[in-house]
Structures are given as C-alpha cells and as structure tokens.
Amino acid sequence: MKSSTSAFLLRLERHTTLSPDERDNFEQLERDTITRKKRSAVFDPARADARIAIIKSGWAVARATSATGQSTITQIYMPGDVVGLADLGFSAPPHDVQMQTDGSVCLIDRRQLSQLGHDHPRLLALLLSMSSLDEVALRDRLHAITRLSAEDRLIHFILSMKSRTAQLTDQPSDRFPLHLSQKDIGDALGLTDIYVNRLMRKLSTTGQIDVARPYIRIMDRDSWTKRVGYKDRYIDLDTSWIAFAP
C-alpha cells in the first residue's frame, strides 16, 4: 500500500494530480473520524443532514429490504469510497447502509459539500467522477445478474471485487480480501447461500480460485476476464472534461 494514510486520497491520486491546496481541502473532509462497529449504521440518525460519508477503514454495504424481509446488497463500500453522493436527490437515505466490518467513517454535512462545490468546483467534479465509476460498475453487475449463468455472474462479481481492492495497492497479486459471507455474496447476486457455497466449492476444486478466508486468489484472471467479458471500470477515470485543472 502507498504511504499516505488516506485511502480516499490514494484513490484520487491514482487518476489525477492534486495541488497542495486541493489536498488540504480534501483532508479537511476527513478531519473528524468516527469509529463504527460491525453491523452498526454508517450514518447517525441524530445528524439528519450528515448524509455523505467517506469510508476511512473497514467495509460497509447498502441494503434494500423487501416487504417480505428479503434483503439485497445494492452496493459495497471499501476504504476510500464515498457513500451518499448518488442519494443527494432524496430527503432521506433510500437504503440502509451498515458496516460490514469494524471500521471508521468521516461524516460530511450536505451543506459542507455544497460549500466545497462553490469554493472549489474542480474538487466536487472529481468526487462526482469517482462516484460515476461505482455507478457504471453497478450497471455491469445488474447486466451480469440478468444475462449470465449463476457461475459466470459469481466469476464476474469476484473479478469486480478484485478491481475494487486493487485501487489501494500497487502489488500485482491476484490475492485479495473478501469480507463477505456466502450469504452476503448471494444477497448481492440474487442467489441462495447454498448455491453460492456449491459454486465456490466447484471453483475451488477445479483450481480456479484458492480460498483462505478472508482472502481469495484468482488463479487465471485473464481467462476469467475473457470468459465473462469483464471490464475493469476502475482503471481509468476521465478528468479531461473538468475545468480549473491545476
């Protein structure tokens, strides 16, 4: 991992060069860090307008729950991710966001974000661009769920998790942490945990993955990529359209 203590800045600086002033402003967003336990809410109900969060450490997930109590994981958040940018048009969060592991978050008031956009429009544009990567990756997962076989959608999902974790390391290893249970994976892909278990065992026994929880290693990523037509949406953030470049 790189030397900076901010996963958020690590992600940004993979795609663009920040001026010292821009770094200072982004660091201000992470000034106040709040610890969160596993399964606790990311957002504080007592702070109604603190609707943006930067995941400082740990993993979090957004869940939608049906009237019958069935749960779907709609988004997965890792260190450096910004939670809530896609929800700015709603008066209340549309989905529950909970910590998947112990971790820490930095809560940001929406008015603070508005002020940042007023004073530093390039910084807000960078935030929105980063958020768009997650949005497009989510569309890819929806396509995989509706058009690929169960095994291929699991392969697509594992590849996407590798892409996400790769943003915080320069190491080329195909081994990465996956802080999700088989039920969680099923909730993200529309599969039962029993089916996920069966598929994982098949991928393991056929030598396609090596699992040593919480780590998983993809044994032939190129083959998988071609098999499911996977596109890594996180390797190239287009900032050419953003004005006020340093």
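**Salt bridges, a helix and a core**

Biologist: Let me start with E30: is this residue buried or exposed?

Modeller: In this model, which is a predicted one, E30 has a relative accessibility of 6%, so the residue counts as buried, since the cut-off for that label is under 20%.

Biologist: And which residue does E30 form a salt bridge with?

Modeller: The partner of E30 is K56, and the closest N and O atoms of the two are 3.4 Å apart. E30 sits in the loop between α2 and β1, while K56 belongs to strand β2, so this pair ties together parts that are 26 residues apart in sequence. K56 counts as partly exposed, at 24% relative accessibility.

Biologist: How many salt bridges are there by this rule?

Modeller: The count comes to 19 salt bridges. One of the linked groups is a network of salt bridges made up of D49, D109, R110 and R111.

Biologist: What about R233, which side chain does it meet in a salt bridge?

Modeller: R233 meets the side chain of D140, with 2.7 Å from N to O. R233 is in the segment after α8 and D140 is in helix α4, so here the parts being tied together are 93 residues apart in sequence. On accessibility, R233 counts as partly exposed at 28%, whereas D140 counts as buried at 17%.

Biologist: Changing topic, how many residues of helix α6 are buried?

Modeller: Helix α6, residues 182-189, is mostly covered, with seven of its eight residues buried. Among the buried ones are D184, I185 and L189.

Biologist: What do the buried residues of α6 pack against?

Modeller: They pack against the strands β3 and β4 and against the helices α4, α5 and α7. Just after α6 comes G190, which takes a positive phi of about 75 degrees.

Biologist: Now the largest nonpolar core: which residues touch the most other members?

Modeller: Those are I158 and L180, in a core of 29 residues. The elements that give two or more residues to this core are β4, α5, α6, α7, β10 and α8, and α5 gives the most, with seven residues.

Biologist: Which residues does I158 touch, leaving out those up to four places away in sequence?

Modeller: I158 touches F176, M200, L203, I216, I218 and W224. Apart from this core lies another one, of 24 residues, which includes V82, L113, A125 and L127. As background, nonpolar side chains tend to be buried together in soluble globular proteins.

Notes:
Residues numbered from 1 in each chain as written. Predicted model: local features only at pLDDT ≥ 70, side-chain atom pairs only at ≥ 80, totals over all residues. Heavy atoms only, no water. Salt bridge = Lys/Arg side-chain N within 4 Å of Asp/Glu carboxyl O. Helix = DSSP H or I, 4+ residues; strand = E, 2+ residues; numbered from the N terminus. Buried < 20%, exposed > 50% of the residue type's maximum accessible area, 1.4 Å probe, protein only. Contact = heavy atoms within 4.5 Å. Core = buried A, V, L, I, M, F, W, Y, C linked by side-chain atoms within 4.5 Å.
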